[in-house]
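Please look over the sequence and the model before reading on.

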Amino acid sequence: MVERSRDWLNQAYRDMRQAEASLKEELYEWACFAAHQAAEKAVKALIQRLGGEVWGHSVAALIDALPENFRPFDLREKSLELDQAYIPSRYPNVHPVGFPGSVYTRVVAERLIGYAREIISYCQKKVTQVNREDSSGPQEK
């Protein structure tokens, strides 16, 4: 398997740009969905950098799949909230009334964008850490 963590992170950053643009345009449901996508791709970058395979769309499940010493326990609850935007932000039939654009708010979008930023930052730091460790060669014990 080709290691493509850099590609996953680059797309995570682009998805964050989309989330911010959607927030600015008051497309809050799309801001929430793009924030979810950004977080998902950042965690997938870290999983791939650690040699794992990346499957699924649940940010929380992806975090749970990380080795324990790489799991950001303080971000797991936030990832659960991001997961709630994966399908409901796009489909009217998920909601008892209304459509996604009528039920997502600026407050929710700003919160989810903030969570995604935290997850991206964490994953970027860990990918960089692993890269440094790999480039420094074997360590004496």
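A residue is called partly exposed when its relative accessible area lies between the buried range, under 20%, and the exposed range, over 50%. Arg 106 has a relative accessible area of 33%, so Arg 106 counts as partly exposed. The model is predicted, and the structure holds 9 salt bridges.

**A pair within helix 6**
- Arg 106 and Glu 110 form a salt bridge, with 3.3 Å between the closest N and O atoms.
- About one helical turn separates Arg 106 from Glu 110, because they are 4 residues apart in helix 6.
- Glu 110 is partly exposed, at 39% relative accessibility.

**A pair between helices**
- Glu 20 and Arg 117 meet through their side chains in a salt bridge, at 2.7 Å from N to O.
- This pair links distant parts of the chain, with Glu 20 in helix 1 (residues 5–24) and Arg 117 in helix 6, 97 residues apart.
- Glu 20 is partly exposed at 33% relative accessibility, and Arg 117 is partly exposed with a relative accessible area of 43%.

**The pair Arg 4 and Asp 7**
- A salt bridge joins Arg 4 to Asp 7, and their closest N and O atoms are 2.8 Å apart.
- Arg 4 has a relative accessible area of 45% and is partly exposed; Asp 7, at 38%, is also partly exposed.

**A buried residue**
- Gln 124 lies in helix 6 (residues 106–135).
- Its relative accessibility is 17%, so Gln 124 counts as buried.
- Leaving aside residues up to four places away in sequence, Gln 124 touches Arg 6, Leu 9 and Tyr 13.

Key:
Residues are numbered from 1 along each chain as its sequence is written. This is a predicted model: local features need pLDDT of at least 70, side-chain atom pairs count only at pLDDT 80 or more; totals for chains, interfaces and linings use all residues. Side-chain values use heavy atoms; hydrogens and water are left out. Helices (H or I, at least four residues) and strands (E, at least two) are DSSP runs, numbered from the N terminus. Buried means under 20% relative accessible area, exposed over 50%, partly exposed in between (1.4 Å probe, protein chains only). Contact means heavy atoms within 4.5 Å. A salt bridge is a side-chain nitrogen of Lys or Arg within 4 Å of a carboxyl oxygen of Asp or Glu.
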